[in-house]
Amino acid sequence: MEIQIKEIGAIKEATIDLSKKLNVFCGPNGTGKTYMAYIIYAITSLENKNLGIRLEKESASKFVSERKVSLTIDINDVWKFKENEINQIKNNLWSLFALSESNQAKYFTKSSISILETEEEFTKRIFELEYNWNIKLDNYNFIIIKEKDSYVLEISIPAETKRDEIFISYIDIVLMSRIYSLLAFFPITSSVFFPVERNSIFTFSNELSIRNNERYEMIQEMLLDKKDINPFQLLLNRKNRYPQAIKDSLKIADDLEEYQKSQSSFFHFAEEIENELLNGKVVISKDGNVEFKSNKAKSLALSFHQSSSIVKTLASFILYLKHRAVENDLIIIDEPELNLHPNNQILLARIFSKLINKGLRIILSTHSDYIIRELNNILMISQGSQELRDMSIALGYEENEIFKTTDINMYLFNFKNEKSTRADVKILNKNLSGFNIKSIDETIENQSNIANELFYALRFDKID
């Protein structure tokens, strides 16, 4: 699935291939990397899709009574659903970026968002799709099976599922919309965003609470507006204080007790991060607060406020891997190197490699030479012979860290020249040594040259 955007923020045009397991965004500040990430999140997030596609009454009744049902999907309806979702994102970019609605015409008149796929290609892709989904809607698990070369879906629920009124409402309002989204935006099940603000999610959880902010916005508008206000209309028209991706990431802190009730199949990767990078455990207390227990003082639980910056940076990612990660999820991380020592940046790059080999998809927006170099090292290993792989193991690499060269794309966001107002986005070529990021390499080389000149002058008391 290729997503193309034009004339949005600093970006003139960009096409990102989401069929790749790992996409890396590089380039100077202010070139549109975060804007691109926001849009990809809006397109791929399952939680932000429209609801209201209803299951026929006869099928719904059969599902409730028998716990399973067989459905034939109308592919034209799924196509229309996809097109409608993309159009809604384009028409509401002001909300996505936390601007006022009046700025839509000012900033986004020429903007476009599209998925580069014809209706025939889409139809063929869905027809040939073979998959087994296990999706969770609040407390309900749904198993959805689609065979290859078919439009028939087999949907079932576990025997222990309670079929109460809330369950029936999910069947009526939510289920089919979620299935349409899974089909329309395959291969991505859903997405989760970890912004640079992630180290504040639990530090200021009460102050940043989504529910509290929505109440604050409503009260503020009611106090400032002297006219009679319909509070229900006000609720529908409320503004966003944060970009959608950040707002959704803050929801983690709203109900941590519920969050921790399930365990993900990626739990052991979270434990690896804890052991290798934190030397301790991120836990949720009985009161629903995030705490840190160091391996050096296991009886002592530090509050999130007392924890180190690396704990604050990685806590939300760790909790996601422990409790919510699902195969084919797309993880979007803005500046994964935030607050990490170089050796931890390298370790995290290797963990990312393991995650994509295990079934997750990742987008990284980074300025880290250490992360890029480590990904390049893995690319060199993947291009080599068995002897090189054996050598890599002797150097400390693990077999499950080695991904294929076809699994990764790296994109450079940059202005063509100093007078350019829009940034170009280009796919970088791979070579035997991986990817070369010119802007980073030149900066490092320039700094080294300056250091050499200064050292030469200092050592030999000679200035040319």
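Buried means under 20% relative accessible area, exposed means over 50%, and partly exposed is in between, with a 1.4 Å probe and protein chains only. This tour uses those words throughout.

The model is predicted: local features need pLDDT of at least 70, side-chain atom pairs count only at pLDDT 80 or more, and totals for chains, interfaces and linings use all residues. Residues are numbered from 1 along each chain as its sequence is written, and side-chain values use heavy atoms, with hydrogens and water left out.

**Whole chain**

Start with everything shown as a C-alpha trace. Along its principal axes the trace spans about 90 × 65 × 55 Å. The radius of gyration, taken over C-alpha atoms, is compared with a globule rule of 2.2 Å times the number of residues to the power 0.38. For 464 residues a compact globule would have a value near 23 Å, and the protein has 24 Å, which agrees.

Switch to a cartoon. There are 18 helices and 16 strands; helices (H or I, at least four residues) and strands (E, at least two) are DSSP runs, numbered from the N terminus. Of the 464 residues, 48% count as buried. Contact means heavy atoms within 4.5 Å. Among contacts between residues at least 6 apart in sequence, 70% join residues at least 24 apart.

**Tyr 411**

Select Tyr 411, which is found in strand S15. Is Tyr 411 buried or exposed? Tyr 411 has a relative accessible area of 1%, so it is buried. Show its neighbours, not counting residues up to four places away in sequence: Tyr 411 touches Thr 15, Ile 16, Asp 17, Asn 23, Val 24, Phe 25, Cys 26, Val 425, Lys 426 and Ile 427. Of these, Lys 426 is 15 residues from Tyr 411 along the chain, and the two C-alpha atoms are separated by 5.4 Å.

**Helix H16**

Select residues 369-383, which form helix H16. H16 has 15 residues and reaches 21 Å from its first C-alpha to its last, close to the 21 Å expected at 1.5 Å a residue; the expected span of a helix is 1.5 Å times one less than its number of residues.

Colour the buried positions of H16: Asp 369, Ile 371, Ile 372, Glu 374, Leu 375, Asn 376, Ile 378, Leu 379, Ile 381 and Ser 382. An α-helix has 3.6 residues a turn, so residues three or four places apart point the same way.

**Helix H15 and its ends**

H15 has 17 residues and reaches 25 Å from its first C-alpha to its last, close to the 24 Å expected. Its buried residues are Asn 344, Gln 345, Leu 348, Ala 349, Arg 350, Ile 351, Phe 352, Ser 353, Lys 354, Leu 355 and Ile 356. Their cover includes S3, helix H13 (267-278), helix H14 (309-323), S13, S14 and H16.

Check the backbone on either side. Glu 335 lies in the loop between strand S13 (330-334) and H15. Its phi is near 55°, a positive value in a residue other than glycine, and at 24% relative accessible area Glu 335 is partly exposed. H15 is followed by Gly 359, whose phi is positive, near 125°.

Move to residues 175-184, helix H8, and pick Ser 181. Ser 181 is buried at 3% relative accessibility and touches Leu 46, Lys 49 and Phe 81, not counting residues up to four places away in sequence. At 0% relative accessibility Ile 179 counts as buried; leaving out residues up to four places away in sequence, Ile 179 touches Ile 144, Leu 153 and Ile 155.

Follow the chain to Pro 187, in the loop between H8 and strand S9 (191-194). The peptide bond from Phe 186 to Pro 187 is cis, with omega near 20°.

**Last stop**

Select Arg 67, in the loop between helix H2 (57-66) and strand S4 (68-72). Phi of Arg 67 is near 70°, a positive value in a residue other than glycine.
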